[in-house]
Amino acid sequence: MNTFVQHLNAPEYMHVLLNPVPVYGLAFGTFALVLALLLRNHRVTIAALVLVFVGAISAWPVYHYGEAGYDRVKAMSDPGGERWLDEHMVRGEKLIWTFYVLAAVSAVGIAVIAKWPRTSTPLAISALVLASGTLGIGGYIAYAGGHVRHKEFRFEPAPEARSEEHHHHDEHQHAEQKAASSPPEHIGHEEMQPKPEEAKSDQERRQLEASRLQLEASRLQLEASRKQLEAAGGGSPKATSTASPGTSPTPPKEQSPHQHNDHSPQP
């Protein structure tokens, strides 16, 4: 029983469980509408419209659980499956409104035919046309979904990778929930994780940074050695430096008295 409850709480399981209902329900409803037109019986028309309504309205829980289980299914898919999953989601988001329109038309048709049985034929024709178109749309959406996990169904290349044009709201909620449930140190680590396409450039930047740090360490060692040499040579007497070209010449020595007398004039 616990396993069953766990399955019901898993959105991806519920999506797989319910996703045939819109297609199969509309298929049976469309066939019943054809039968009602042949029999021209308003009660059969009402029964057919009930089938169409159930098939159309069941698209809502299928879409809801598909949105909720998107992240987990994508995490376990291969690259081709990821592109098919994105295509499946885009198709569903753009075309889900057709199921809601068909459900509204079917509900109105049931009420109108129950009150005015003579209107069953035109309403049945209108519902048949709309149900047939919506059935084709359901098959179009389901076709991409069947390729996500079933590699044996991939008879053609996977579609081009979609830009982030869908699922923004749910991904934002998922990120907030993950951030709230993760420890603070894990949050910073996850935010610093590089993307795959940036791994090469990040590695080059790290190598350049390591080289710069090594050069800086070598420069600091040389600077420390120079200071040690200057400190060791500071206590010894300095050698007398030679006179620079700008120094004044040495003054001439004074002549002795004998030399002075030699140069004095003779009497």
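Mentor: Happy to! Let's start with Pro11, which is buried, because its relative accessible area is 16%, and buried means under 20%. Please keep in mind that this is a predicted model. Pro11 sits in helix α2. Now look for Ala68: Pro11 and Ala68 are 57 residues apart along the chain, yet their C-alpha atoms are separated by 5.9 Å.

From here we can turn to the open spaces. Helix α2, spanning 11-18, is among the elements that give two or more residues to the lining of the largest pocket. That pocket holds about 760 Å³ of space. Its lining counts 32 residues, and those nearest the centre are His15, Asn19, Val62, His88 and Gly145. Which element gives the most to this lining? That is α5, with six residues. Besides α2 and α5 (59-68), the elements giving two or more residues are α3, α6 (70-75), α7 (79-95) and α9. By class, the pocket lining divides into 18 nonpolar, ten polar and four charged residues.

Searching the whole structure for cavities of 30 Å³ or more turns up one, and the largest cavity contains about 40 Å³ of space. Its lining is made of Ala36, Leu37, Arg40, Asn41, Thr45, Ser120, Thr121 and Ala124. Sorted by class, the cavity lining has three nonpolar, four polar and one charged residues.

Asp86 makes a salt bridge with Lys74, and their closest N and O atoms are 3.3 Å apart. This pair links distant parts of the chain, with Asp86 in helix α7 and Lys74 in helix α6, twelve residues apart. Is Asp86 buried or exposed? Asp86 counts as buried, because its relative accessibility is 8%.

In total, the structure holds seven salt bridges. As a general point, side chains of opposite charge can pair when their charged atoms come close. For another example, go to helix α12, residues 199-233, where Glu209 and Arg212 are separated by about one helical turn because they are three residues apart. Their closest N and O atoms are 2.7 Å apart in a salt bridge. Glu209 is partly exposed at 37% relative accessibility, and Arg212 is partly exposed too, at 44%.

Further along α12, Glu223 and Arg226 are also three residues apart, so about one helical turn separates them. They form a salt bridge whose closest N and O atoms are 2.6 Å apart. Glu223, at 28% relative accessibility, is partly exposed, and Arg226, at 38%, is partly exposed as well. A network of salt bridges links Glu223, Arg226 and Glu230.

Let's finish on the surface. Trp60, Trp97, Tyr100, Val101 and Val105 form a nonpolar patch there, and together they have about 490 Å² of accessible area. Helix α8, residues 97-115, gives the most to this patch, with four residues. One to look at is Trp97, which lies in helix α8. Trp97 counts as exposed because its relative accessibility is 51%, and exposed means over 50%.

Technical notes. Residues are numbered from 1 along each chain as its sequence is written. This is a predicted model: local features need pLDDT of at least 70, side-chain atom pairs count only at pLDDT 80 or more; totals for chains, interfaces and linings use all residues. Side-chain values use heavy atoms; hydrogens and water are left out. On a 1 Å grid over the protein atoms alone, a cavity is a set of points where a 1.4 Å probe fits but cannot get out, and a pocket is an open set with protein on both sides within 12 Å along at least five of seven lines; lining residues have an atom within 4 Å of a point. Grid points are joined across faces, edges and corners, and a volume is the space filled by probe spheres set on the points. Ala, Val, Leu, Ile, Met, Phe, Trp, Tyr, Cys and Pro count as nonpolar, Asp, Glu, Lys and Arg as charged, and the others, Gly among them, as polar. Patches are made of residues with over 30% relative accessible area and no salt bridge: like charges are joined within 9 Å, nonpolar side chains (Val, Leu, Ile, Met, Phe, Trp, Tyr) within 5 Å. Accessible areas come from the Shrake-Rupley method with a 1.4 Å probe; for residues, only the protein chains shown count as cover. A salt bridge is a side-chain nitrogen of Lys or Arg within 4 Å of a carboxyl oxygen of Asp or Glu. Buried means under 20% relative accessible area, exposed over 50%, partly exposed in between (1.4 Å probe, protein chains only).
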